[in-house]
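Here are a few notes from going through this one, written with a computational eye. Have the model open while you read.

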Amino acid sequence: MASCLGGHFGLNQDYIPVADFYADKSIFVTGGTGFMGKVLVEKLLRSCPKIKKIYLLMRPKRGQDVASRLTELTQSPLFESLRKERPQELNKIVPIVGDITEPELGISPADQEMLCQKVSVVFHSAATVKFDEKLKLSVTINMLGTQQLVQLCHRMLGLEALVHVSTAYCNCERERVEETVYSPPAQPEHVVTLVQTLNDELVDRITPDLVGDRPNTYTFTKALAEDMLIKECGNLPVAIVRPSIVLSSVREPVKGWVDNWNGPNGIIAAVGKGVFRTMLGNGTRVADLVPVDTVINLMIVCAWRTHLRRGDGVVVYNCCTGQQNPITWQRFVKTSFKYMRKHPFSEVVWYPGGDITSSRFQHGILSLLQHRLPAVLIDLVARITGSKPVMVRVQNKLEKASACLEYFTTRQWAFADNNVQALCRSLSPEDRDTFDFDVTNINWDGYIESYVLGIRRFLFKESPHTLPKSRTIMRRLHIVHVLGQVLAVLFLWRFVFLRSASLRSVWRSIVELLTRAARMLAVA
């Protein structure tokens, strides 16, 4: 297992610290209100204090204008440290009204001109990450949005780096994925023409044929977006960062910070509540999970490196843990159980437990007994008592989310990360500590504990003060759970015993043998 701590290359008296590279520069960020985008903005402001401006592409949403959305963004727990220690830094964030789905990104001509004059670094993280997104919308956001951004970047007079966020799974038909852009699964321009020409119903009908052996429209369109980027970037200074499955922060700015139910988050939350107990997957497979702050640190350093070594062309960075610090799905699940019982959520329905199984038949039986039947019974009681039945609907959503993850929990990939390791070695010790993306530093046990606590705090909005009460309830649930298992075994034994003459005969023989042995011991 290698580590980037094996030395550093290329350090000399002309070394420019990463924070100094960003001094007096203006940054443009798409997807800045998303999970990764928020962490990126916060980290840039906190660790690159001389940064000039950060322009965020934002659109009005649910009746909120961009100013209100920006205020809401900076009031989140993620920015608490900056709000307390250096509140003036938040004034560097400037919202740019626009929409990734619109022509020219929906940015006004005046704002386009301003960005082209002032921006030095662009981070493109806007994307729809929904696995089951309609192909037309996925093409519009993931592909055409990238194309529109590249066209804008060509007009930026002082552009020093464009960092495009892709996904490690955009080449998921390969078992080993190198840090290179592969031939696309289809011609991007043909796919764009199809979705723009055909009606929605017809596009939905042909989507499975277009996507082919890819598991979803997300990985399909992200692969096409990479090809479009390569073809249209020309001599722009471009880097592609491909994270695997992104989870909560490992260290900063808040341990365990997470703000969405995507991917494993919703499943783990449901497991912690006791309403989800079985999932299809191969427990021995590597779960390539990566903390969000690890990805963000890599992105920030990628821009620095892209400018300093502009002549190297488009460089790809696979931001993954499977090669350097692997963890299996079985270990991830078991460790999650451990900390969900130690730091239980409030209003837990049943004692957290269950397993990940590779048997589709076993999974189907367990799903019926542990998910479907309890949900139907709970909803039946709810109807009788005049409450709103919700459990069947909740189970439907959970099973849909679980089905989306099956492709990734039943397979394993080897993601090469030579470029990431070389980049890490090129940093000074100070920059390596400030912008840490060395995945060998991740302690999985401690990380999963903070992940569970993060789900509790940031997703369920549960105060740490409620933990003592939750632990008391968990202990009671454990007793009930064990008693339930004992009763189930006794019931099953009684059921089989009454229907099997041979079993009764064996049982009588055992009792007689034990009785005889007891008498012999008594005589002795």
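The points below cover cavities, a pocket, a surface patch and salt bridges.

1. Ground rules. This is a predicted model, where local features need pLDDT of at least 70, side-chain atom pairs count only at pLDDT 80 or more, and totals for chains, interfaces and linings use all residues. Residues are numbered from 1 along each chain as its sequence is written, and side-chain values use heavy atoms, with hydrogens and water left out.

2. Cavities. The whole structure has three cavities of 30 Å³ or more (on a 1 Å grid over the protein atoms alone, a cavity is a set of points where a 1.4 Å probe fits but cannot get out; lining residues have an atom within 4 Å of a point). Of its 20 lining residues, Ile-267, Ile-268, Val-271, Met-279 and Val-333 are closest to the centre. Helix α12 gives the most to this lining, six residues, and the lining splits into 13 nonpolar, five polar and two charged.

3. Second largest pocket. Its space is about 380 Å³ (a pocket is an open set with protein on both sides within 12 Å along at least five of seven lines). Among the 15 lining residues, Arg-277, Trp-350, Leu-369, Gln-370 and Pro-374 lie nearest the centre. Here α13 gives the most, with seven residues.

4. Nonpolar patch. Phe-361, Ile-365, Leu-368, Leu-369 and Leu-373 make a surface patch of about 500 Å² (patch residues have over 30% relative accessible area and no salt bridge, with nonpolar side chains joined within 5 Å and like charges within 9 Å). Leu-373 belongs to helix α13, residues 360-384, and is partly exposed at 42% (buried is under 20% relative accessible area, exposed over 50%, partly exposed in between, with a 1.4 Å probe and protein chains only).

5. Salt bridges. The search finds 23 (a side-chain nitrogen of Lys or Arg within 4 Å of a carboxyl oxygen of Asp or Glu). Lys-84 and Glu-80 pair at 2.9 Å, N to O; they are four residues apart in helix α4, so about one helical turn separates them.

6. Bridges across the chain. Lys-338 and Asp-445 meet at 3.6 Å, and because Lys-338 lies in α12 and Asp-445 in α17, the pair ties together parts 107 residues apart in sequence.

Notes
Areas by Shrake-Rupley, 256 points an atom, 1.4 Å probe, with all protein chains shown as cover. Helix = DSSP H or I, 4+ residues; strand = E, 2+ residues; numbered from the N terminus. Points joined across faces, edges and corners; volume = space filled by probe spheres on them. Nonpolar A, V, L, I, M, F, W, Y, C, P; charged D, E, K, R; others polar.
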